[in-house]
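Work through each task before reading its solution.

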Amino acid sequence: MSTILPSAASLYDRVRRVIPPIEWPSFSDDIEAILALKRERNAVILAHNYQTPEIFHCVADIVGDSLALARKAMSTEADVIVLAGVHFMAETAKLLNPQKTVLIPDLRAGCSLADSITAEDIRLLRQRYPGVPVVTYVNTSADVKAESDICCTSGNAKAVVESLGVPKVIMLPDEYLAQNIAAQTKVQITAWKGHCEVHERFTPADIRQLRESHPGVMVLAHPECPPDVVAEADFSGSTAAMSDYVERQKPPRVVLMTECSMSDNVAVQHPEIEFIRPCNLCPHMKRITLANIRSALEQNRHEVMIEPDIAARARLAVERMLAI
């Protein structure tokens with residue numbers, strides 16, 4: 001069994017509520033190696049809210065939702081960025097840091113939304129709806145971003161749509177996010193039929209059952225959930241907005257209708273709150289592990305590269321979003 005080294009032991013205090021003591025020794029050697037490699041290579045690790053606690057709380061330097069990671073990626077002075085998340089996030093980090101080395105620990109860490117649409121699909125949509133701006137969720141490939149007018153996240157989608165000052169937009173690829181935003185704005189939104197394989201599985205019946213089993217529970221839903229789920233919830237918002245809601249309101253009992261590692265990561269900071277955990281895992285996020293983060297840093301493995309013309313056009317769509 002691995003020995004828990006002093007710095008790893010101190011980190012365990014952060015996560016002892018969500019990682020059993022028997023599991024910790026299997027993580028400590030990789031954590032120690034990663035901390036040393038970050039110093040040697042002047043590297044930072046960006047971790048999405050859906051990463052597991054041993055990554056999110058023990059080796060990550062920058063954490064948050066996709067918007068926070070996009071913004072903070074631009075301010076790092078590191079030479080190397082390791083993206084503990086899915087591939088489109090690593091591409092976005094590369095778009096905003098073209099001179100830096102950006103690594104993705106596992107090339108198979110994809111996204112059902114990103115896979116649901118292609119650049120050719122957008123070109124065909126423009127032919128069908130001439131002159132209508134295309135608002136593209138950041139959960140897309142660089143090729144798709146390059147064909148778009150502006151990007152958005154679940155946290156800023158309404159602001160982005162309304163910033164264009166037009167009566168109609170095309171919003172893609174998440175159909176449910178588009179429908180949920182359409183309910184909040186007078187802008188007419190044409191949606192695409194892409195879905196998140198995690199959030200599309202939640203149902204209103206799930207919420208009603210949770211309320212029956214856990215009286216008084218506060219239900220928070222991600223806007224990638226179907227509209228009838230969002231309508232049944234007490235609050236809907238991005239992962240950052242859900243975390244902020246818990247921090248601000250401190251409900252005694254709460255359930256987050258999103259990827260289940262999110263609850264673990266928020267629970268670490270709120271021992272006084274009871275988190276009910278309906279567990280829908282993202283298989284792509286879970287491809288990122290301490291072991292392959294370590295390998296990425298040791299071997300400079302899976303560097304993200306984007307063709308210059310595509311990168312320039314995709315970067316413009318992301319920068320327009322960040323300017324709002």
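**Exercise 1.** Determine in which sense strand S9 and strand S11 pair, and over how many bridges.

Solution. Strand S9 covers residues 218-221 and strand S11 covers residues 253-257; strands are DSSP runs of E with at least two residues, helices are runs of H or I with at least four, and both are numbered from the N terminus. Two strands pair if DSSP finds at least two bridges between them. S9 and S11 pair in the parallel sense, over 4 bridges. Within this pair, Met218 stands opposite Val254 in S11.

The model is predicted: local features need pLDDT of at least 70, side-chain atom pairs count only at pLDDT 80 or more, and totals for chains, interfaces and linings use all residues. Residues are numbered from 1 along each chain as its sequence is written, and side-chain values use heavy atoms, with hydrogens and water left out.

**Exercise 2.** Is Met89 buried or exposed?

Solution. Met89 belongs to helix H5 (residues 87-96). Its relative accessibility is 9%, so Met89 counts as buried (under 20% relative accessible area; exposed is over 50%, partly exposed in between; 1.4 Å probe, protein chains only).
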